[in-house]
Amino acid sequence: MYEQLRPYTREEFLSKLPEQVMNGGKVVPVRSEIAKKLGVVAESSEEAEVHTEVVAHERKGKVFRREDLAVIKVRSEKGKNTALIKVLASESIETVYKYAEKYSESGGKFVLRRNYPPEEFRRGDARSLKELGLCPSEVLIMKEVTNCTVCQHCYAI
């Protein structure tokens with residue numbers, strides 16, 4: 001049921017760290033400095049605002065109430081890609097999967113999960129993002145799925 005625990009490689013460890021933090025009003029590089037200490041070239045992650053229907057309407061001047069929106073930040077399996085997805089709170093998790101797929105590093109075979117409280121959000125769940133507790137904002141992480149024995153809906157086939 002649980003995957004075998006193993007130590008992170010240097011690259012995996014670095015991918016978990018923030019690229020930079022704010023300290024005393026100054027931007028402080030974190031990942032690149034630790035990478036230098038470890039003798040590794042740090043890869044930077046790419047964060048992209050996904051062009052959703054909500055974003056398109058906002059660019060045309062439409063104003064949404066905050067409680068009507070869900071802003072979901074989705075981090076790819078190894079942390080190389082981050083997608084900022086802004087959708088209506090009434091949408092289902094399937095909408096988030098649809099937008100997140102192109103940022104996957106596992107060819108679309110993933111399940112979206114939250115670290116705290118730990119929870120997986122499977123495809124096909126008809127509840128709204130608001131009902132799932134993902135509003136007004138949440139950070140989800142793609143977890144690669146290799147051999148799903150639970151269902152056929154947790155990843156794209």
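This is a predicted model: local features need pLDDT of at least 70, side-chain atom pairs count only at pLDDT 80 or more; totals for chains, interfaces and linings use all residues.

Residues are numbered from 1 along each chain as its sequence is written, and side-chain values use heavy atoms, with hydrogens and water left out.

Now the overall picture. The protein chain has four helices and eight strands; these are DSSP runs numbered from the N terminus, H or I with at least four residues for helices and E with at least two for strands. Starting at the N terminus, the order reads α-β-β-α-β-α-β-β-α-β-β-β. Of the contacts (heavy atoms within 4.5 Å) with a separation of 6 or more, 59% are between residues 24 or more positions apart. Out of 157 residues, 34% are buried, where buried means under 20% relative accessible area, exposed means over 50%, and partly exposed is in between (1.4 Å probe, protein chains only). The accessible surface comes to about 10,400 Å², with 51% of that belonging to carbon and sulfur atoms; the areas come from the Shrake-Rupley method with a 1.4 Å probe, and for residues only the protein chains shown count as cover.

Next, head inside. A nonpolar core here is a set of buried Ala, Val, Leu, Ile, Met, Phe, Trp, Tyr and Cys residues joined through side-chain atoms within 4.5 Å. The largest one has 23 residues, and those touching the most other members are Val74, Ile85, Ile93, Val96, Leu112, Leu134 and Leu140. Strand 4 (69-75), strand 5 (81-88), helix 4 (93-100), strand 6 and strand 8 each give two or more residues to this core. Which element supplies the largest share? That's helix 4, with five residues.

Helix 4 is mostly covered, with six of its eight residues buried: Ile93, Thr95, Val96, Tyr97, Tyr99 and Ala100. The cover over these buried residues includes helix 3 (53-59) and strands 4, 5, 6, 7 and 8. Leu134 ties into this region too: beyond its neighbours within four places in sequence, its contacts include Ile93, Ala70, Ile72 and Leu140.

Strand 6 (110-114) is also mostly covered, with four of its five residues buried. Strand 6 pairs antiparallel with strand 8 (137-144) over four bridges, and pairing takes at least two DSSP bridges between two strands. In that pairing, Leu112 stands opposite Met142. Strand 6 also runs antiparallel to strand 7, joined by three bridges, and the two form a hairpin with four residues between them. There, Arg114 stands opposite Glu119.

Arg113, in strand 6, counts as partly exposed because its relative accessibility is 21%. The C-alpha atoms of Arg113 and Lys143 are 6.9 Å apart, although the two residues are 30 apart in sequence.

Finally, check the omegas. Most peptide bonds are trans. Tyr116 and Pro117, however, are joined by a cis bond with omega of about -10°, and Pro117 sits in the loop between strand 6 and strand 7 (119-121). The bond from Cys135 to Pro136 is cis as well, with omega near 0°, and Pro136 lies in the loop between strand 7 and strand 8.
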